[in-house]
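Here's a quick tour for anyone meeting this structure for the first time. Have a look at it, then read on.

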Amino acid sequence: VQRVHVVERDELDVLELAREFGTPAYLYAEDDIRARAAEYVRAFSERTTDFEVIYASKALPATAAYALLREEGLSVDVASGGELHMALAAGFDPARIHLHGNNKTERELRYAFEVGVGHVVLDSFDEIELAERLLDRPQRVLIRITPGIKASTHSYIQTGQEDSKFGFGLADGLAERAVRRVRESERLELVGLHAHIGSQIFDLDAYAKAIEVLADFTRSLDYQPEVLNVGGGLGIAYLDGDEPPSIEDYVDVK
């Protein structure tokens, strides 16, 4: 059960909040969240009109957070039926919802297709077959690629290396097979590729390398994607000595 209470900063007394609402409790600064979302949108909009900033639901799957980020002009990434339900409850246009995750159930895919989500990210051959069987209309999809990039972060949150449990590998030819399979489908409309190399990343060169790998892959197939999603994972300062890249520097990666 989600309970969300809004208080002004000048009224914030942690001990008083604990007495009133109990513990454990999480406190979020709305103005900071809005400012960071707006900074991403501004940084991209100053460089191009062809972009989309997507909120990763797993960061805070609460209806209030969805509504706040929708108001800031973001799209949203959901990885379960529950997250999809909350995003819709918060007023997100289904066309701006991306269904993600490497273990989608038949029920979750049916739900996504019924409400008309904008994009589904396909993560396995089983999922391709299931999605195609459930659909009775065209659906825009992306294929998740494992680019073979081992980002400099903790091993628990690396997702782009060759032995990742996510997506289709390049080295073993699975990515090429997946692209060809989906392009042959009458219901799945392949509009792009997705890759995610990990979380809490400070080295922006890893993103540049991932983009280069994906670009080389599309050229090898003579395929021009409409959408290229290189994922998030930009590091933040958990410790006083941490110096993460700025949003400006991240957006400048090519």
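## The two sides of H5

On the face of H5 turned away from its buried side, you'll find the exposed residues Arg107 and Glu114. Exposed means over 50% relative accessible area, buried means under 20%, and partly exposed is in between (1.4 Å probe, protein chains only). Helices (H or I, at least four residues) and strands (E, at least two) are DSSP runs, numbered from the N terminus.

H5 itself covers residues 106-115, and its buried residues are Glu108, Leu109, Ala112 and Phe113. Look down the axis of H5 and these buried residues fall within an arc of 130 degrees, so they line one face of the helix; the arc is that of the directions from the helix axis to the C-beta atoms.

Just after H5 comes Gly116, with a positive phi of about 85 degrees.

## About the model

This is a predicted model: local features need pLDDT of at least 70, side-chain atom pairs count only at pLDDT 80 or more, and totals for chains, interfaces and linings use all residues. Residues are numbered from 1 along each chain as its sequence is written, and side-chain values use heavy atoms, leaving out hydrogens and water.

## Over at H8

Asp205 sits in helix H8 (residues 205-220) and is exposed, with a relative accessible area of 57%. Asp205 and Tyr250 are 45 residues apart in sequence, and 9.8 Å apart in space, C-alpha to C-alpha.
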